[in-house]
Amino acid sequence: MNSEKDFSPLTPNIVRALNDKLYEKRKVAALEIEKLVREFVAQNNSTQIRHVIQILASEFALSQHPHSRKGGLIGLAACSIALGKDSGLYLKELIEPVLTCFNDSDSRLRYYACEALYNIVKVARGAVLPHFNLLFDGLSKLAADPDPNVKSGSELLDRLLKDIVTESNKFDLVAFVPLLRERIYSNNQYARQFIISWIHVLESVPDINLLDYLPEILDGLFQILGDNSKEIRRMCEVVLGEFLKEIKKTPSSVKFAEMANVLVIHCQAADEAKLTNDLIQLTAMTWMREFIQLAGRVVLPYSSGILTAVLPCLSYDDRKKNTKEAASACNHSLMKLVTPEDDEDEEEEGSGSTGSLSKEEGQPLAEADSTDMLNASQESVGFSNISFFTPASADRPQVTLDLDGIVQVLDRHLHDSSTGMMTRIAVLKWLYHLYIKTPRKMFRHTDSLFPMLLKTLSDESDEVILKDLEVLAEIASSPAGQTDQTSSCDSTDHRLELKVPDGVKLGQQHSSRAVDSSPSTPSMNSYFYKFMINLLKHFSLERKLLDIRGAFIIRQLCLLLHAENIFHSMADILLKEEDLKFSSTMVQTLNTILLTSAELFQLRNQLKDLHTQESCALFCCLYRSWCHNPVATVSLCFLTQNYKHAYDLIQKFGDLEVTVDFLMEIDKLVQLIESPIFTYLRLQLLDVENNPYLIKALYGLLMLLPQSQAFQLLSHRLQCVPNPELMRTVDESKYMDSKQQIVTKRASYTQIDYNELLQHFDHVQSKHLEVRHQRSGRTSDQSDRKLM
C-alpha cells in the first residue's frame, strides 16, 4: 500500500497497524478507530464518519493485500461499535465490503468477515432488516463453506440474525420470498439445511404469514424432502407438518388451487428405486388427502391429474401400505365430490372441461365405429410418466368437473396391461359412479369406452369382471342412453321388444343407487341390444372366455338386469347367428344356466306354467334358438311342461346323427331330472293318466341311452312309476274337474302352434346336418391330398 497516500483522518500509526500481519496490532488500530469515530459522533460530523468508512472499505477491505483486507474488516467493525444506535445510517457502506470478503479464497479472511459482520449486526439489530436479502444471500453461501471455522462463524451470525427477525415486526416477507424461492432449489446439503432452518423460523413467527407464499416454495420443500441426509429430511418433515397444521386451522385463507399441481407431481413416483421418493410420495399423498377434504369442490378442475397420481398407488403392496391407504382416502373423497349438478349442461356447448392432463388430452375422445367395436378395443394407449393439468379457465369463479380429462385417465388405465387389479377395480367404480351422477355427459364417451369395457370381461379377476358388468349394465339400462345421440348404435335389423316392469317407462330417471347395489328390472335403452350383440360376438371370438367365465358373466347380468331381457335378446340374436356350432354351444350354456342357476328362479317359474301371453312369447323365442341344440330343446319342453311336444321331438332324434357329445348331453339331462329343479316333474309321474307323454318322453330318452350309469338312474326312476289303477281316488270325478279347469285355463293363454315349432326344429337341424357334411367333405379332401 502506498505509504505516502493521504488516509486522514486516520493517522499514519493507525494505517500502519491496520496493514500489520499480527492480529494484536490490527486490534490496537481498531480501538483507535473506535475512539476516533466516537469523537466524530459527539461532534455530529457525519461527513468525516462516512469518509473513515469509505477509506476502510476501499483502501483496506477491498485491497489486494490480505493483511490490509483483514485490517479493513476489523476497522469497519470498530466503526459500527462506535456508532452504536446510529450505525443504521451507515449500514449499506458498512455491510457491502464485508459481504464482498465472503467470496475471498483465504478461509481466514472469510472467518474475519463473519466476525466483522457479526459485530455490525449485533450493534445495528433491527436496523439491518432492510438489508436482509444481502445478508441472507451471503450467509447461504457460507453455510456450505468447506472450512469448519468459517462455517462455525456463519452459524453464530445466522443465529443472531434469526433472533433479530423473530423479535421484529418489520420483516419484509414480500421482498424476501423471491430470493427464498431461488435458493430453495440448491442441491448442497448445507445450503438446504440453512434454507429449511430459516423457513422453520419464519413459519413460527406469529407476525409473518408465510402460508400465503407457500405455493411458491412448496415444490422446493418436496425437493429437499428427497435429500440423502436423514437429518435434513427430518427437518423438512417437521416444517411441512407445521404448514399442514396451519392449513387445517385456517383453510379459508389457503390457496389450494395454486398448490394442487405441485402435489400431483410429487404424488407420482418417478424413481421407485430411490427410497426417499417413497417419503415424498407419502407426504404429498397425505397433503392431497387433506386438500380434498378441506377444499372440497375447489379441487375438481384438478381431478384428472389427481387420479393420474392416485390410481396406480391403489395397487401397492404392504411395503407401501401407508401410501396406499392415503391414496385410497383421496380416491374416495374425490369421488364423493362428483354430484348430479355436474351433469348440467354448460352455457357454451362443447366447451368441455376446464383443463387437461397434457396437450392432447384437452381434445374430446375419439369415437369408435359402432360396427367394429371389438376390433377397436384392441388398440393400446401409452402412459406418460408424470402428468398434471393446468385449468384453462382458472379465472372463472365457477368450479367445473373435468369430465373429459377424468375419462381419458380412466380409459388409459384400463388399456394399460400393467395396471394392478385394485387400480382396475377403482377405475370401474369411477366409471359406474360417473354414469350414475353424470349420465348425460358420460354417454358422450360411451362409444369410446365400450370396446375396452367388453375386453375387460376377459380379466383374470372375478372382482374386476363384477365391477365391469355393473358398468355395462348401467350403460344398458340408464335412461340417458335412450337419446338421438346413441340411437345410431341400434341395429335396425334386430329390433326387440324388451320387458319393462310395471310402473317403469323408458326415459324415466333412476333413483340414486349405491355403488354395490343391483338394479332390479330396469328399463332398457339403445345400448342394451348393442351390448348383447357384442357380448355374444366376444364369446364367439374367445371360446375360452365362454367356457371359463361365460356362465358367471350371464348369471351376474341376470342379477343386474332383467333376466327375461337377457335370455330374450340373446335368443333373438342367436337365431340369426351364422356360426351354427357356436349357436349350439351358446344355447347349451344358456340352457344350463336357465335350469340350474338360483338367479333364474323367477324366470323358470314364469316359463313353467305358460299362463300368460308374455310367457308363451318368451317360450317361443327361446325355443326357436334352442333348436340349435336338440337336447336343450327337450329340456326346455320339460321345464315348460310341454311333454307331448318333448315326446314328438325325441321321436325325431332317430333321424339325427347320434354322437358321443349328443349322448353326453342326454346324460346331463338325466342328471338334471334328478335334481331339485325338476321336483315337480318327478311328482307328476304319480299322475300317470294325465301325463302319459311325460312317461313316453322319459322312456324315449332311456331308449336313446346306452347301458350306462345314466341309463340305470333313469330306468330305476321309471320303475317307480305307479300302476294307474292304484292311484285312483274316491273323489276322482272332482279331481278330474279340477284338472280339466287347469288345462282349460292354460289352453286359453297358450296360443302356440306346435306343428310350426316342429317344422322350425327340422329346418334348423337340416342346416346343422348340411354344415357337418360340408366339414366332413373338406376333411376328406384334405386327407386325399395328404395321401397323394
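Q: Where does Pro9 lie in this predicted model, and what joins Ser8 and Pro9?
A: Pro9 lies in the segment that precedes helix H1 (12-18). A cis peptide bond, with omega of about 15°, joins Ser8 and Pro9. Most peptide bonds are trans.

Q: What is the phi of Gln641, and why does Gln641 count as buried or exposed?
A: Phi of Gln641 is near 65°, which is a positive value in a residue other than glycine. Gln641 sits in the loop between helix H29 (630-639) and helix H30 (643-652). Its relative accessibility is 18%, and the limit for a buried residue is under 20%, so Gln641 counts as buried.

Q: What makes the Arg110 and Asp145 pair a salt bridge?
A: The criterion is a side-chain nitrogen of Lys or Arg within 4 Å of a carboxyl oxygen of Asp or Glu. The N to O distance between the side chains of Arg110 and Asp145 is 2.7 Å, so the pair meets the criterion. Arg110 lies in helix H6 (residues 107-124), whereas Asp145 lies in the loop between helix H7 (132-142) and helix H8 (148-167), so the pair ties together parts that are 35 residues apart in sequence. Both Arg110 and Asp145 are buried. Across the structure, the count comes to 33 salt bridges.

Q: How do you know that Asp137 forms a salt bridge with Lys141, and how are the two residues placed in helix H7?
A: Their closest N and O atoms are 3.6 Å apart, which is within 4 Å, so the pair qualifies. Asp137 and Lys141 are four residues apart in helix H7 and are therefore separated by about one helical turn. Asp137, Lys141, Glu182 and Arg183 are linked in a network of salt bridges.

Q: What distance separates the paired side chains of Glu290 and Arg289, and why is each residue classed as buried or partly exposed?
A: Their side chains meet in a salt bridge at 3.4 Å, N to O. At 11% relative accessibility Glu290 counts as buried, whereas at 24% Arg289 counts as partly exposed.

Q: Why is helix H19 described as largely enclosed?
A: Of the 17 residues of H19, 13 are buried, so the rest of the structure largely encloses this helix. H19 (residues 421-437) reaches 24 Å from its first C-alpha to its last, close to the 24 Å expected at 1.5 Å a residue. The secondary structure of the chain comes to 36 helices and zero strands.

Q: Which residues touch the most other members of the largest nonpolar core?
A: Leu10, Leu221, Phe567 and Phe638 do so, in a core of 246 residues. H19 supplies the largest share of this core, 10 residues. Leaving aside residues up to four places away in sequence, Phe638 has contacts that include Tyr643, Leu669, Phe678 and Leu701. Of the 788 residues of the chain, 53% count as buried.

Technical notes. Residues are numbered from 1 along each chain as its sequence is written. This is a predicted model: local features need pLDDT of at least 70, side-chain atom pairs count only at pLDDT 80 or more; totals for chains, interfaces and linings use all residues. Side-chain values use heavy atoms; hydrogens and water are left out. The expected span of a helix is 1.5 Å times one less than its number of residues. Buried means under 20% relative accessible area, exposed over 50%, partly exposed in between (1.4 Å probe, protein chains only). A nonpolar core is a set of buried Ala, Val, Leu, Ile, Met, Phe, Trp, Tyr and Cys residues joined through side-chain atoms within 4.5 Å. Contact means heavy atoms within 4.5 Å.
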